[in-house]
Amino acid sequence: MSNWYSTMKILLHLLTAILLIAGTVFAGDYLRPPPRKTFHFPWDPKSSSQPQQVHISLAGDKHLRVTWVTSDGSSPSIVEYGTSPGKYSAIAQGESTKYSYLLYSSGKIHHTVIGPLQENTTYFYRCGGESPEFQLKTPPSMFPVTFAVAGDLGQTGWTKSTLDHIDQCKYDVHLLPGDLAYADYLQHRWDTFGQLVQPLASSRPWMVTQGNHEKESIPFLEDGFVSYNSRWKMPFEESGSTSNLYYSFDVAGVHIIMLGSYTPYDEYSDQYSWLKADLLKVDRKRTPWLVVLFHVPWYNSNRAHQGEGDDMMTSMEPLLYAAGVDIVFTGHVHAYERTRRVYNGKSDPCGAVHITIGDGGNREGLAHRYKQPPPEWSVFREASFGHGELKMVNSTHAFWSWHRNEDDEPVQSDQVWITSLIGSGCNTGGGHEMIRILMDS
Ligand SMILES: [Fe+2]
């Protein structure tokens, strides 16, 4: 009996192995694992003043915004903080909001700005006067500075893998070019996503922009971004914008602009006017690097979502080119791709490097089909889940690496040194081309 049982067990293992191999897709020398399922978190909406879904974001010079949710509507929007565990030398009072969406009512969403904070320093804090204590590190004010970059996260087993890998890297700020929770109208998924990312997002600033999965409009009933705007308040007021859907901020010597692919971007739009004004304010002596993020790629040779970014590109690419943008990060296409410096559809030494990093791990799976042959501007492309790391070493050199989620190890699969446009002879803001475009429009 035991022999029979052992034989059956071996056969079962063999069968499982064959099915696993059959379920993978071969890409070069890499056996790609199959998609992973959406996590199902227990969600307990009972009344509690316990802080949940804690995340932090940059909020102007030397300040951070702490955001959290309580089920208890009477919980105060205060954050106590200091540089030693359990000793809070400062306290900040914030504001709160909540929203309803059809039958769903959110918890109390607290937004409290803390600071001024010292650079590159660990702070301990607690929200609403309640345990537990959280810990964060502020970004440096000078080079080097490192960004983790991953878009289209969702909340699957692959999302968890991506987040675990990001957690292993030393970084200062997380950049997310759209598609966060994949809530898609199911509001409790915003709550479970908040819980999933809390360990990382409560310890390093998460700077996000919106994707199509944040848009939850129901004509005449619901505003498209009520959930996103209520939960992921970004420093738009601090950067002179009137919309949470586009804004900018500085980290060390990098000026970062977050644009909205799903809010008007034509030359008569508020976003376009704000972008022009923001670009004119950039001082490349203070912030030698200029980086832009938005959701729908302009340069991507995957067959998925072809042409969706064309209108925005027609409208805004001349502005970005005239200002000398160094790097553009996008998502949407669930695969990784890096270009040469490009402008107007072809390689251009004064254009931006475009990097699509929509491979965070969402439930829709990967986009495998590519245009053949690759365009001349495409340097590296691969349909695998993963994340990127951008280390700005100094004012002229940055090291970019993309890390594929291979099994449960992050494997560096693409890497390149990028030199900034400063000192390249190209326009880097305020040049004649920039002035001409601004005068013409
Ligand atoms: Fe998307």
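## Terms and model

Two residues are in contact if their C-beta atoms, placed from the backbone, lie within 7 Å. Helices (H or I, at least four residues) and strands (E, at least two) are DSSP runs, numbered from the N terminus. Axes are lines fitted to C-alpha atoms, for helices over the stretch in contact, and angles run from 0 to 180 degrees between N-to-C directions.

The model is predicted: local features need pLDDT of at least 70, side-chain atom pairs count only at pLDDT 80 or more, and totals for chains, interfaces and linings use all residues. Residue numbers start from 1 along each chain as its sequence is written.

## Overall composition

The protein contains seven helices and 26 strands. Of its 441 residues, 46% are buried; a residue is buried if 20 or more other C-beta atoms lie within 10 Å of its own, exposed if 12 or fewer, and partly exposed in between, with C-beta atoms placed from the backbone. Among contacts with a separation of 6 or more, 70% are between residues 24 or more positions apart.

## The sheet E3-E4-E10-E7

Four strands form an open sheet in the order E3-E4-E10-E7, with antiparallel pairing. Two strands pair if DSSP finds at least two bridges between them. Strand E3 (52-58) and strand E7 (95-97) are the edge strands, each pairing on one side only. From one strand to the next, the twist averages 20°.

E3 and strand E4 (residues 64-70) run antiparallel and are joined by five bridges. His55 has Thr67 in E4 as its bridge partner. Helix H3 (residues 188-201) lies across E3 and E4, at about 55° to E3.

## Helices H2 and H3

Two packed helices are described by the angle between their axes and the distance between the axes. For helix H2 (residues 157-168) and H3, the axes come within 10 Å and cross at roughly 10°. H2 is therefore roughly parallel to H3; angles under 35 degrees count as roughly parallel, over 145 as roughly antiparallel, 65 to 115 as roughly perpendicular and the rest as oblique. On the H2 side the contact involves Thr159, Leu163, Ile166 and Asp167, which meet Leu196, Val197 and Leu200 in H3. The residues of this contact of H2 with H3 divide into five nonpolar, one polar and one charged. In this classification Ala, Val, Leu, Ile, Met, Phe, Trp, Tyr, Cys and Pro count as nonpolar, Asp, Glu, Lys and Arg as charged, and the others, Gly among them, as polar.

The buried residues of H2 include Trp158, Thr159, Ser161, Thr162, Leu163, His165 and Ile166. At 1.5 Å a residue, the 12 residues of H2 should span 16 Å, which agrees with the 17 Å between its end C-alpha atoms. The expected span is 1.5 Å times one less than the number of residues in the helix.

## The sheet E6-E5-E11-E12

A further open sheet of four strands has the order E6-E5-E11-E12, again with antiparallel pairing. Strand E6 (90-93) and strand E12 (130-137) are at the edges with a single partner strand each, so one side of each has no neighbour in the sheet. Direction ignored, neighbouring strands of this sheet are turned by 25° against each other on average.

Strand E5 (residues 78-82) and strand E11 (residues 122-127) run antiparallel, joined by four bridges, and Val79 has Cys127 in E11 as its bridge partner. E5 also pairs with E6 in the antiparallel sense over four bridges, where Ile78 stands opposite Gln93 in E6. The covered face of E5 holds Val79 and Tyr81, and the uncovered one Ile78, Glu80 and Gly82.

## Helices H5 and H6

Helix H5 (residues 270-281) packs with helix H6 (residues 310-323) at an angle of about 5°, their axes 11 Å apart. H5 and H6 are therefore roughly parallel to each other. Tyr272, Leu275, Lys276 and Leu279 of H5 make the contact with Ser315, Met316, Leu319 and Ala323 of H6. The residues of the contact of H5 with H6 comprise six nonpolar, one polar and one charged.

## Gly253

Gly253 is in the loop between strand E16 (247-251) and strand E17 (254-258). Gly253 counts as buried because 22 C-beta neighbours lie inside 10 Å. Not counting residues up to four places away in sequence, Gly253 touches Met142, Phe143, Thr287, Pro288, Trp289, Met392 and Ser395. Gly253 and Phe143 are 110 residues apart in sequence, while their C-alpha atoms are 6.6 Å apart in space.
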